[in-house]
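This report describes a protein chain by its strands, its sheets and a selection of its side-chain pairs.

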Amino acid sequence: LTTVRDGTPSMIMAWRRIHHNFFIDNYSPQEDVDNDDGSAYYKTYDNFLVYGGTGMKSDFGGHDNRHYGNIYAYVRSALAICT
């Protein structure tokens with residue numbers, strides 16, 4: 001239970017932000033930002049991400065993760081869609 005999101009009691013957490021970073025993914029790159037295993041409420045924006053296998057992945061229970069305004073350089077694909 002938290003009151004961080006809007007000041008009232010809620011089971012929904014506040015958004016966490018990953019922004020204005022320069023990521024270099026080397027040594028067996030997979031994802032520059034890996035939102036899985038239940039990670040939630042991340043806004044990842046205005047970053048420069050280099051050499052990841054994919055720019056974003058969200059699976060295994062990860063949800064409500066947003067990527068926008070990022071530059072993905074030399075990635076195999078921008079998004080990993082998991083079914």
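## Overall make-up

The model is predicted. The protein has zero helices and nine strands, so that, in the DSSP sense of the term, its elements read β-β-β-β-β-β-β-β-β from the N terminus on.

Of the 83 residues in the protein, 34% are buried. The protein exposes about 5,400 Å², and carbon and sulfur atoms supply 56% of that area. Among contacts between residues at least 6 apart in sequence, 49% join residues at least 24 apart.

Four bridges join β1 and β4 in the parallel sense. Ile18 has Thr44 in β4 as its bridge partner.

## The sheet β2-β5-β8

A further open sheet is formed by three strands in the order β2-β5-β8, and its pairing is parallel. Here the edge strands are β2 (22-24) and β8, each of which pairs on one side only. The twist in this sheet averages 10 degrees from one strand to the next.

β2 and β5 run parallel and are joined by three bridges. Ile24 has its bridge partner in β5, namely Val50.

## Aromatic pairs

How are the rings of two aromatic residues described as a pair? The description uses the distance of the centres and the angle of the planes. The structure holds four aromatic pairs. One of them is formed by Tyr45 and Tyr68, which are stacked at 5.2 Å centre to centre with 5 degrees between the planes. Tyr45 belongs to strand β4 (residues 40-45) and Tyr68 to strand β7 (residues 63-68), so this pair ties together parts that are 23 residues apart in sequence. Tyr45 is buried, because its relative accessibility is 13% and the limit for buried is under 20%. Tyr68, with a relative accessible area of 40%, is partly exposed.

Tyr51 and Tyr74 have ring centres 5.6 Å apart and planes at 25 degrees; the pair is therefore stacked, as the planes are under 30 degrees apart. Tyr51 is in the loop between β5 (48-50) and β6 (54-59), and Tyr74 is in the loop between β8 (71-73) and β9 (77-80), so this pair, too, ties together parts that are 23 residues apart in sequence. Tyr51 counts as partly exposed at 45% relative accessibility. Tyr74 counts as exposed at 67%.

## A charge over a ring

Trp15 takes part in an arrangement with a charged side chain. The charged end of Lys43 sits over the ring of Trp15, at 4.9 Å from the ring centre.

## The loop residue Asp37

Asp37 is found in the loop between β3 (31-36) and β4. Is Asp37 buried or exposed? Its relative accessible area is 61%, so Asp37 is exposed, the limit being over 50%.

Which residues does Asp37 touch when its neighbours within four places in sequence are left aside? Asp37 is in contact with Asp59, Phe60 and Gly62. The C-alpha atoms of Asp37 and Gly61 are separated by 5.4 Å, although these residues are 24 residues apart along the chain.

## Positive phi values

Most residues other than glycine have a negative phi. Tyr41 has a positive phi, near 60 degrees, and is not a glycine. This residue lies in strand β4. With a relative accessible area of 14%, Tyr41 is buried.

Asp64 likewise is not a glycine and has a positive phi of about 50 degrees. Asp64 is placed in strand β7. Its relative accessibility is 28%, so Asp64 counts as partly exposed.

Conventions. Residues numbered from 1 in each chain as written. Predicted model: local features only at pLDDT ≥ 70, side-chain atom pairs only at ≥ 80, totals over all residues. Heavy atoms only, no water. Phe/Tyr/Trp six-rings, centres within 6.5 Å; stacked < 30°, edge-to-face > 60°. Helix = DSSP H or I, 4+ residues; strand = E, 2+ residues; numbered from the N terminus. Buried < 20%, exposed > 50% of the residue type's maximum accessible area, 1.4 Å probe, protein only. Lys NZ or Arg CZ within 6 Å of the ring centre and 35° of its normal. Contact = heavy atoms within 4.5 Å. Pairing = 2+ DSSP bridges. Areas by Shrake-Rupley, 256 points an atom, 1.4 Å probe, with all protein chains shown as cover. Axes fitted to C-alpha atoms, helices over the stretch in contact; angles between N-to-C directions.
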